[in-house]
Amino acid sequence: TKGEHRSVLVSRFPNGRIIKADYSQHELRCYAAVAGDMVFLQEFARGKVADPHQGTCDALRAMGVDTDRPTSKNVNFAVIYVVTAPTLEARYHIPREIGSRIIKSMHKLHPALKAHWKAVLTQAREHGYYESIFGLRRHLAADNRREERQLINFSVQCPAVVFSYIA
């Protein structure tokens, strides 16, 4: 029955607790902090009921894009990680013209996004690597689009993974 599966989860510590975390929001929070994305940061600051994926869904709908929360959640991450309209079409069956509108809308809604990408790539080109907020480095092996996307992914995923181990 509902909830029985939770009875098997018992902390090994006296008075310990098991915490259920939404990893997708965890990574989105890391992106918001690293990039200084005030739209997402303000959404998170609203409290427990804040849902940035629904917030994106609502904002995109207000811009005339027909979408739902699950698609908006995927789009949040896809756009953060430098997706293109053809990729949205292939992965989420969003027609290219709508995908292009979504990407443009996301860039308009989250102006910190492109600034973050530029900062990551500028650092990597100047020093030959990008250094995360924890001092971990990813080197720029070649000046191509794939390497650049991997650096941008690293800039968010590195702190997300480190915070997962700290938590």
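Reply: Gladly; please keep in mind throughout that this is a predicted model.

Me: Is glutamate 89 buried, partly exposed or exposed?

Reply: A residue is called buried under 20% relative accessible area and exposed over 50%, with partly exposed in between. The relative accessibility of glutamate 89 is 31%, so this residue counts as partly exposed.

Me: With which residue does the side chain of glutamate 89 meet in a salt bridge?

Reply: As a general point, side chains of opposite charge can pair when their charged atoms come close. For glutamate 89 the N to O distance in its salt bridge is 2.7 Å. Its partner has a relative accessibility of 44% and therefore counts as partly exposed; that partner is arginine 96.

Me: How many salt bridges does the structure hold?

Reply: Besides the bridge between arginine 96 and glutamate 89, there is one that joins glutamate 131 to arginine 137, where the closest N and O atoms are 2.8 Å apart. Another brings together the side chains of glutamate 148 and arginine 125, at 2.3 Å from N to O. The number of salt bridges that the structure holds is 3.

Me: How many residues apart are glutamate 148 and arginine 125?

Reply: These two side chains meet in a salt bridge, and the pair links distant parts of the chain. Glutamate 148 belongs to helix 8, which covers residues 145–166, while arginine 125 belongs to helix 7, which covers residues 112–127.

Me: How many aromatic pairs does a search of the whole structure find, and how is the pair of tyrosine 31 and phenylalanine 40 arranged?

Reply: The search of the whole structure finds 2 aromatic pairs. In the pair of tyrosine 31 and phenylalanine 40, the centres are 6.2 Å apart and the angle between the planes is 85°, and both of these residues are buried. Planes over 60 degrees apart count as edge-to-face, so the arrangement of tyrosine 31 and phenylalanine 40 is edge-to-face.

Me: In which elements do tyrosine 130 and phenylalanine 154 lie?

Reply: The rings of tyrosine 130 and phenylalanine 154 have centres 6.3 Å apart and planes at 85°, so they too form an edge-to-face pair. The pair links distant parts of the chain, 24 residues apart. Tyrosine 130 counts as buried because its relative accessibility is 7%, and phenylalanine 154 is buried as well, with a relative accessible area of 17%. Tyrosine 130 lies in strand 1, and phenylalanine 154 lies in helix 8.

Me: Why does serine 72 count as buried, and what is its relative accessibility?

Reply: Serine 72 lies in helix 4. Not counting residues up to four places away in sequence, serine 72 touches His53, Thr56, Cys57, Leu60 and Thr67. Buried means under 20% relative accessible area, and serine 72 counts as buried because its relative accessibility is 0%.

Me: What distance separates the C-alpha atoms of proline 159 and tyrosine 31?

Reply: Proline 159 is in helix 8, and it counts as buried because its relative accessibility is 1%. Leaving aside neighbours within four places in sequence, proline 159 is in contact with residues that include Cys30, Val34 and Phe154. Proline 159 and tyrosine 31 are 128 residues apart along the chain, and their C-alpha atoms are separated by 8.7 Å.

Me: About how much accessible area do Ile133, Phe134 and Leu136 have together?

Reply: Leucine 136 is found in the loop between strand 1 and strand 2, and at 42% relative accessibility it counts as partly exposed. Ile133, Phe134 and Leu136 form a nonpolar patch on the surface, and their accessible area together is about 280 Å².

Methods: Residues are numbered from 1 along each chain as its sequence is written. This is a predicted model: local features need pLDDT of at least 70, side-chain atom pairs count only at pLDDT 80 or more; totals for chains, interfaces and linings use all residues. Side-chain values use heavy atoms; hydrogens and water are left out. Patches are made of residues with over 30% relative accessible area and no salt bridge: like charges are joined within 9 Å, nonpolar side chains (Val, Leu, Ile, Met, Phe, Trp, Tyr) within 5 Å. Accessible areas come from the Shrake-Rupley method with a 1.4 Å probe; for residues, only the protein chains shown count as cover. A salt bridge is a side-chain nitrogen of Lys or Arg within 4 Å of a carboxyl oxygen of Asp or Glu. Helices (H or I, at least four residues) and strands (E, at least two) are DSSP runs, numbered from the N terminus. Buried means under 20% relative accessible area, exposed over 50%, partly exposed in between (1.4 Å probe, protein chains only). Rings of Phe, Tyr and Trp (its six-membered ring) pair if their centres lie within 6.5 Å; planes under 30 degrees apart count as stacked, over 60 as edge-to-face and the rest as tilted. Contact means heavy atoms within 4.5 Å.
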